[in-house]
Amino acid sequence: MSETDADDCAGTTVQCPAGTFKGLSDNGAIQFLGIRYASSERFEAPAPYRYPEGIHEMATPSPLAIQMTSELGERMLGVNVETVPQEESCQYLTVTVPEGRREKLPVMIWIHGGAFETGGCDLSDYHPLVTECNVITVGIGYRLGVLGFLKDKDGKLCNNGILDLIEGLRWVKENISSFGGDADNITLFGESAGAEAVRCIMLSEGTENLYRRAIIQSDPIGIMTGRRAMSEKLLAELNRMPADADVSEVKKVQAGLPSHVVEKGAAKYMIFGPNYGVFPLPEESMIPDRIKQIASGHDIVIGTNAREVAVFISTKKAVVALDRFILTRWLIEAIMRKVTNTLFTKPAVDFARQYVMGGGKVYLYLFDWMKDHDYIGACHSSDVQLLFGAKGMEGMDIAMGKKEAETLEEGKPMRKMWAEFARSGEVKDTELKGILKIGRFNA
């Protein structure tokens, strides 16, 4: 990049192949909010989007995918999603860059979690990561629920949400250099369903050149196997709905689908999700072969939280009471450790082992921040608080008694570690005291 180009990309207006965008300068960063990267018709694959000529002011956050609120979701997100604008063709992304940038910067692409039912790319605050660590972040929105992970235009199983994300990565690869980013140094990172989406992108056909590294946080891999029978049953129910039904009817049908789930296995805990064996994903049995194709070219960080499932008991008052009572706490804790290990930890270790055996470099971590705090410490999604802050959560049990500013300050070491991995592919420390332990994994 020439000196002139560098000066241009340092401003609030950026011209790139997708269009010319004017961002907002705020708190040491410039945000380009709600850039449409693709569009889609219902149940169809996304198509790339290009803006018409002229300068487009990107000052409105990305709308959410169609979704419904829940008590647990609201607790984990700190927001009632029903109060946030939603859109069926929800292929938007937000780019956040440091002010005064003068170099090719590492690019970190965040994929939000939410059980493939809730969440949005602009519910996170990217400013701390960008301004502290001198990186560029991109948050990508994608279709959820029945519109993203159940039915295609022919009435068959689909992965439209994954296809959205891949289209978003293509947009980043083509356009991010105009924002000052290094298109050859892109790191994917995501938590929970977002982590599974990261893994799916890696395993998908033809994505090898769209990213360089990946950080996989609390991926519920143990829930993502043996899902085909359940998905086919839900698809049959969805196919009863007219394809052009009103969005309110779509929500109503989606809300009723869990009543048709009778499976006894772990899949029932997340009824929507990627369908392996459906384009662009391989069959489950072919995952080891796909890993061998990609591992040597893409370093990863993967890990889990010490008490993942603690957050899922937070709505069950009787269980919470038992966990707080000294005579029964040992039993509840033993159950939580077992379920956490079955659904999260052991599958993550198994994936790490496959990846190393396939020729890849893996750092494996265990996140244990606030692990002894009441019944909720080191739970699922608490790592996201350290990365992006706990906005809207102050006073809630999941905030663990901390002020927003406290949580933001305590997250600095983790943000620095994640950004350094994105920059160099290396993790220099073996521990962030009170936050996590991490090390190079050898099968």
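**Close-up views of a predicted model**

**View 1. Strands E1 and E2 form an antiparallel pair.** Strand E1 covers residues 13-16 and strand E2 covers residues 19-22. Four bridges hold the pairing. The structure shown here, and in every view below, is a predicted model. A hairpin of two residues links E1 to E2. Thr 13 is placed opposite Lys 22, which belongs to E2.

**View 2. E2 also pairs with strand E7.** Strand E7 spans residues 55-57. E2 and E7 run parallel, with three bridges between them. Phe 21 faces its opposite residue, His 56, in E7. Together the three strands make an open sheet in the order E1-E2-E7, and its pairing is mixed. E1 and E7 are the edges: each has a single partner strand, so one side of each has no neighbour in the sheet. On average, neighbouring strands of this sheet are turned by 30 degrees against each other, direction ignored.

**View 3. An open sheet of 11 strands has mixed pairing.** What is the order of the strands? The order reads E3-E4-E8-E10-E9-E11-E12-E13-E14-E16-E15. Its edge strands are E3 (24-26) and E15 (431-432), and each of these pairs on one side only.

**View 4. At one end of the order, E3 and E4 are antiparallel.** Three bridges join E3 and E4. Asp 26 stands opposite Ala 29 of E4. The hairpin of E3 and E4 has two residues between the strands. In this hairpin, Asn 27 adopts a positive phi near 55 degrees.

**View 5. Strand E4 is mostly covered.** E4 comprises residues 29-36. How many of its eight residues are buried? Eight of the eight are. E4 pairs with strand E8 (residues 92-98) in the antiparallel sense, over six bridges.

**View 6. Strands E12 and E13 pair in the parallel sense.** E12 holds residues 213-217, and E13 holds residues 299-305. Five bridges connect the two strands. Ala 214 has Ile 300 as its bridge partner in E13.

**View 7. Helices H6 and H14 lie across strands of the sheet of 11.** H6 (residues 193-203) lies across E9 (105-111), E11 (181-191), E12 and E13. H6 runs at about 135 degrees to E11. H14 (residues 412-424) lies across E9, E11, E12, E13, E14 (362-367), E15 and E16 (436-440). The angle between H14 and E12 is about 150 degrees.

**View 8. Ser 231 sits in helix H7.** H7 runs through residues 228-238. Is Ser 231 buried or exposed? Its relative accessibility is 3%, so Ser 231 counts as buried; the cut-off for buried is under 20%. Leaving aside residues up to four places away in sequence, Ser 231 touches Leu 150, Leu 157 and Asn 275.

**View 9. The largest cavity has a volume of about 50 Å³.** Two cavities of 30 Å³ or more are counted in the model. Which residues line the largest? The lining consists of Pro 63, Leu 64, Ala 65, Cys 90, His 112, Gly 119, Gly 120, Cys 121, Gly 141 and Tyr 142. Six of these lining residues are nonpolar, four are polar and none is charged.

**View 10. The second largest cavity holds about 40 Å³ of space.** Its lining is made of Ile 66, Gln 67, Met 68, Leu 144, Gly 145, Val 146, Leu 147, Val 250, Lys 251 and Gln 254. Helix H4 (145-149) supplies at least two lining residues, and so does helix H8 (247-256). By class, the lining has six nonpolar residues, three polar and one charged.

How values were computed
Residues numbered from 1 in each chain as written. Predicted model: local features only at pLDDT ≥ 70, side-chain atom pairs only at ≥ 80, totals over all residues. Heavy atoms only, no water. Pairing = 2+ DSSP bridges. Contact = heavy atoms within 4.5 Å. Axes fitted to C-alpha atoms, helices over the stretch in contact; angles between N-to-C directions. 1 Å grid on protein atoms, 1.4 Å probe; cavity = no way out; pocket = protein on both sides within 12 Å on 5 of 7 lines; lining within 4 Å. Points joined across faces, edges and corners; volume = space filled by probe spheres on them. Nonpolar A, V, L, I, M, F, W, Y, C, P; charged D, E, K, R; others polar. Buried < 20%, exposed > 50% of the residue type's maximum accessible area, 1.4 Å probe, protein only.
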